[in-house]
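Open the model in your viewer and keep the selection tool at hand. The stops below follow one after another.

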Amino acid sequence: DSRLAVCEKCKKNYKTRESCRVRSGHNTAPWTTAYICITLDSSCTDEEGKFVDKPLTVRMSNWQPLCLKKDFSTSTPVCASCKKTNRTKS
């Protein structure tokens with residue numbers, strides 16, 4: 001759902017995400033690991049496929065299917081929406 005979990009201080013005090021991120025305006029790292037999926041277009045790399053050394057522009061994009069070069073390992077983290085809809089069972 002593209003929202004960060006509460007910060008470590010608010011986790012210890014049992015605060016909600018609404019209370020932490022919105023009302024209190026906290027912008028520190030979440031209390032747990034957050035996985036972010038990014039898609040880079042051709043303007044982010046040079047002719048050799050290396051990252052360019054310049055500021056990048058970030059924007060939210062519509063959902064699109066993920067194309068994989070190889071299968072996921074069993075230790076790969078599961079996204080929240082798949083976990084919620086129980087798509088993680090094999």
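A salt bridge here is a side-chain nitrogen of Lys or Arg within 4 Å of a carboxyl oxygen of Asp or Glu. By that rule the count is one. Before you select it, note that this is a predicted model: local features need pLDDT of at least 70, side-chain atom pairs count only at pLDDT 80 or more, and totals for chains, interfaces and linings use all residues. Residues are numbered from 1 along each chain as its sequence is written, and side-chain values use heavy atoms, with hydrogens and water left out.

**Stop 1: the salt bridge.** Select E48 and K50. Their side chains form the salt bridge, at 3.8 Å from N to O. E48 is exposed, with a relative accessible area of 63%. (Buried means under 20% relative accessible area, exposed over 50%, partly exposed in between, with a 1.4 Å probe and protein chains only.)

Stop 2: C10 is in no disulfide either; the nearest cysteine sulfur to it is that of C20, at 3.6 Å. Is C7 buried or exposed? C7 is buried, at 4% relative accessible area. C10 is buried too, at 5%.

Stop 3: Select Y14. It sits in the loop between α1 and α2. Helices (H or I, at least four residues) and strands (E, at least two) are DSSP runs, numbered from the N terminus. Y14 is not a glycine, yet its phi is positive, about 55°. Most residues other than glycine have a negative phi. Y14 counts as exposed, at 75% relative accessibility.

**Stop 4: the nonpolar patch.** Select I36, I38, L40 and F51. Together they make a nonpolar surface patch of about 490 Å². Patch residues have over 30% relative accessible area and no salt bridge; like charges are joined within 9 Å, nonpolar side chains (Val, Leu, Ile, Met, Phe, Trp, Tyr) within 5 Å. Areas come from the Shrake-Rupley method with a 1.4 Å probe; for residues, only the protein chains shown count as cover. Now pick out I38. It lies in the loop between α2 (17-23) and α3 (80-84). I38 counts as exposed, at 63% relative accessibility.

**Stop 5: confidence.** Color by pLDDT, the predictor's confidence in each residue, from 0 to 100. The chain mean is 78, and 82% of residues reach 70 or more. Where pLDDT is low, the predicted coordinates should not be read in detail.

Terms used:
A disulfide is a pair of cysteine sulfur atoms within 2.5 Å.
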